[in-house]
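Have the model open as you read.

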Amino acid sequence: MKPYIITIARQYGSGGKTVGKMLSDRLHIPFYNREIITMASEDSGINAMLFTDERLKPDLITRLKSRYKGDLPLPSDSSKAYLRDDALFDYQAKIIRKLADQGPCVLIGRCADYVLKGRPDVVRVFVHADADFCLEQAMKVDSLPEGEVVRKIAEIDEYRAKYYKHHTGHDWYDARNYDLSLNSGVLGFDGVVEEIVQYMEVRSQFQK
């Protein structure tokens, strides 16, 4: 099987991060999730909190501004977090390209599929599941009432979709953005991993 860089976009609660770690262990290749934020922060000198996926509260933005090392302006409207960070995105994209150049790895989120577009060694995966499955999985890690977890899932998925649209111009849910769109609620995490591995084996044989 040819060596591939695997990018995984995922709905909240679908287990995409878990699948990515399982793939990393199975294929003995590096796994990068929040490590990308740490590297981008170290490379740019910008506080790592400004790279996080979650919306920042206004008071937190104020505190971060006072310690901010870079020259990137921050808007005051934190409700449009996905619009404030074009330069932050560029820093992360730089790290993603650097990691890909180093060899096979698993990259979680952060529009890595788009950042690495055109590379013949990238497998782009979207992991999704129905609402009940995502809720069941999220409840295992979120110590919140069920209603709040439902809202959290909706908010995070909406944020990720808007973030993706802003930085790529494409619909996050559009299967045409990916090589594989897999339902973890049907396949389970082991099944999703197996599908990705089998896809890479087949692609290794037939890719021109």
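Helix H6, for example, covers residues 131-139, and Asp132 is found in it. Keep in mind that you're looking at a predicted model.

Start with the overall layout. The protein has eight helices and five strands, and along the sequence they follow the pattern β-α-β-α-α-α-β-α-β-α-α-β-α. Of its 208 residues, 48% count as buried.

Now find the sheet. Strands of a sheet pair through backbone hydrogen bonds, either parallel or antiparallel. Here five strands make an open sheet, ordered E2-E3-E1-E4-E5, with parallel pairing. Strands E2 (31-32) and E5 (180-183) stand at the edges; each has a single partner strand, so one side of each has no neighbour in the sheet. Further in, E1 (residues 5-10) and E4 (residues 122-128) pair in the parallel sense over six bridges. One spot to look at is Thr7, whose bridge partner in E4 is Arg124.

Arg124 takes us on to the charges. Side chains of opposite charge can pair when their charged atoms come close. Arg124 forms a salt bridge with Asp179, with the closest N and O atoms 3.5 Å apart. Asp179 sits in the loop between helix H7 (146-168) and E5, while Arg124 is in strand E4, so this pair ties together parts that are 55 residues apart in sequence. Both ends are partly exposed: Asp179 has a relative accessible area of 28%, and Arg124 has 23%.

In total, the count comes to ten salt bridges. Another of them joins Asp101 to Arg119, with a closest N and O distance of 2.7 Å. This pair also links distant parts of the chain, as Asp101 is in helix H4 (residues 86-102) and Arg119 is in the loop between helix H5 (112-115) and E4, 18 residues away. Asp101 is exposed at 59% relative accessible area, whereas Arg119 is partly exposed at 25%. Asp121 joins these two in a network of salt bridges.

Finally, back to Asp132. With 61% relative accessibility, Asp132 counts as exposed, and together with Asp130, Glu136 and Glu146 it forms a negative surface patch.

Definitions and conventions: Residues are numbered from 1 along each chain as its sequence is written. This is a predicted model: local features need pLDDT of at least 70, side-chain atom pairs count only at pLDDT 80 or more; totals for chains, interfaces and linings use all residues. Side-chain values use heavy atoms; hydrogens and water are left out. Patches are made of residues with over 30% relative accessible area and no salt bridge: like charges are joined within 9 Å, nonpolar side chains (Val, Leu, Ile, Met, Phe, Trp, Tyr) within 5 Å. Accessible areas come from the Shrake-Rupley method with a 1.4 Å probe; for residues, only the protein chains shown count as cover. A salt bridge is a side-chain nitrogen of Lys or Arg within 4 Å of a carboxyl oxygen of Asp or Glu. Lys and Arg count as positive and Asp and Glu as negative; His and the chain ends are not counted. The place of a charge is taken as NZ of Lys, CZ of Arg, CG of Asp or CD of Glu. Helices (H or I, at least four residues) and strands (E, at least two) are DSSP runs, numbered from the N terminus. Buried means under 20% relative accessible area, exposed over 50%, partly exposed in between (1.4 Å probe, protein chains only). Two strands pair if DSSP finds at least two bridges between them.
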